[in-house]
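Here are my notes on this model, as numbered points. Please read them with the structure open.

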Amino acid sequence: PMVFVVVGVALGSGGLGLLPVSPNAESTKVLTEITLALLLFADASTLRLREVRSDAALPARLLSIGLLLTIFIGAVTARILMPAEGLAFACLLGAILAPTDAALGLPIFNNPRVPVRIRRALNLESGLNDGIATPFVLLFLAFATASETHGGGGLGWLAGALAEIGLALVAALAVGGVGGWLLAQATRRRWTSHGPQQLAVLGLALAAYFGSVAIGGNGFIAAFVGGILFREITRSALVEATEFTETFGSFLSLLIWGLFGAVLVTTVVPRTTDLRPVLYAILSLTLVRMVSVAAALVGSGLRRDTVGMMGWFGPRGLASVVFTLIALDSFREAGRAEATLVTAATWTILLSVVLHGLSATPLSKWYARRLEAAPEPPAETQDAPEMRPRRHVLEGHSTGTS
């Protein structure tokens, strides 16, 4: 991601001008939304529950208490630093920057000296929290634009947002449930083979997104819930076929990082005059994330350095980029100023790309050495089965991490 962001900046309007893409261009919006939808479906449909059932409490803490606190503390921080923007703005910014992205902390997941329990918890958090955060982003975005689109009165925005969620669930049931059952039946009867199965899963992921949008639902929720239903219906029998969808989505995600550099970084960074969004970005990556994780892990028996390391490695990535572009588009349609929101989100994501990308390798080595030097085997090192990394296309196979 660091490389592609730099390439995007170099090719964007602030550099060579070879990639003159506008943030409100329809092609940019469609590409980013499709990418996130594919990864949401793939993440949800390839989760092997039996691999985490024996130690589900740790990822569950991060995905429930940790995620909700991240949104809440992020909203409180935004409200304090930028009070003129309002409560809805603060909640929306907190939700946009709550999901994490494992791709930015890859050395953590590739280092076998880091305990499997810890890598697995961060892995699952990254794979699932973007889907869980999506309804919150949808609700707060509707709330933030309500005063302009609904005249400031009533709860029409809430009814509209809930309707989008409900229609998304209908699309998810039709595609993930019925489509998954049909594909499972075709597989059981040997009417299909591995290659066509891969294309079928990709088609289901796209159908969940576009089908939901076509009936007025939220495509991301449909893709995520559809992936969950697909996994349950097929009983994880098509995990290998789903990897093609994940690989394709991961490839597209690299293009999104290039667009992030060309579209947002080159537009926002040179024009930043108000330092409050930059301060918010720093606090979001440190105070907001680390306090939330520390609170979520109270009573877990983990060491302080483990809690600190897990709190730090909460990089903001692809989901936050997509949510930012969607919010930008919605704010402009509603006639609301979007500069502060986009500036705060862009700086947070950019600093995360740089800081988490540069610190992942040295901190993973430092953390592994501390655990190895512990006088007694810590709780972190208890036996646990290895788990396939999310975003497997980025998985490294080097063992030279010691």
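1. Two helices, H5 (106–110) and H6 (116–144), each give at least two residues to the lining of the largest cavity. H6 has the largest share, with three residues. Keep in mind that this is a predicted model.

2. The lining of that cavity includes Thr 100, Asp 101, Ala 102 and Gly 105. Ile 108, Phe 109, Leu 122, Glu 125 and Ser 126 also belong to the lining, as do Phe 313 and Pro 315. By class, six of the lining residues are nonpolar, three are polar and two are charged.

3. How much space lies in the largest cavity? About 80 Å³. The count of cavities of 30 Å³ or more comes to five.

4. Phe 313 lines the largest cavity and is also touched by Ser 359. Ser 359 sits in helix H15 (residues 339–372). Ser 359 touches Trp 312 too. Ser 359 and Trp 312 are 47 residues apart in sequence, with their C-alpha atoms 9.8 Å apart in space.

5. Is Ser 359 buried or exposed? Its relative accessible area is 13%, so Ser 359 counts as buried. The side chain of Ser 359 reaches the backbone oxygen of Leu 355 at 2.7 Å.

6. On confidence, the mean pLDDT of the protein is 87, and 90% of its residues reach 70 or more.

7. Where pLDDT is low, predicted coordinates should not be read in detail.

Key: Residues are numbered from 1 along each chain as its sequence is written. Side-chain values use heavy atoms; hydrogens and water are left out. On a 1 Å grid over the protein atoms alone, a cavity is a set of points where a 1.4 Å probe fits but cannot get out, and a pocket is an open set with protein on both sides within 12 Å along at least five of seven lines; lining residues have an atom within 4 Å of a point. Grid points are joined across faces, edges and corners, and a volume is the space filled by probe spheres set on the points. Helices (H or I, at least four residues) and strands (E, at least two) are DSSP runs, numbered from the N terminus. Ala, Val, Leu, Ile, Met, Phe, Trp, Tyr, Cys and Pro count as nonpolar, Asp, Glu, Lys and Arg as charged, and the others, Gly among them, as polar. pLDDT is the predictor's confidence in each residue, from 0 to 100. Buried means under 20% relative accessible area, exposed over 50%, partly exposed in between (1.4 Å probe, protein chains only). Contact means heavy atoms within 4.5 Å. A polar contact is a pair of N or O atoms within 3.5 Å; within protein, one must be able to donate a hydrogen and the other to accept it, and residues adjacent in sequence count only if both atoms are side-chain atoms. Lists of a residue's contacts leave out its neighbours within four places in sequence.
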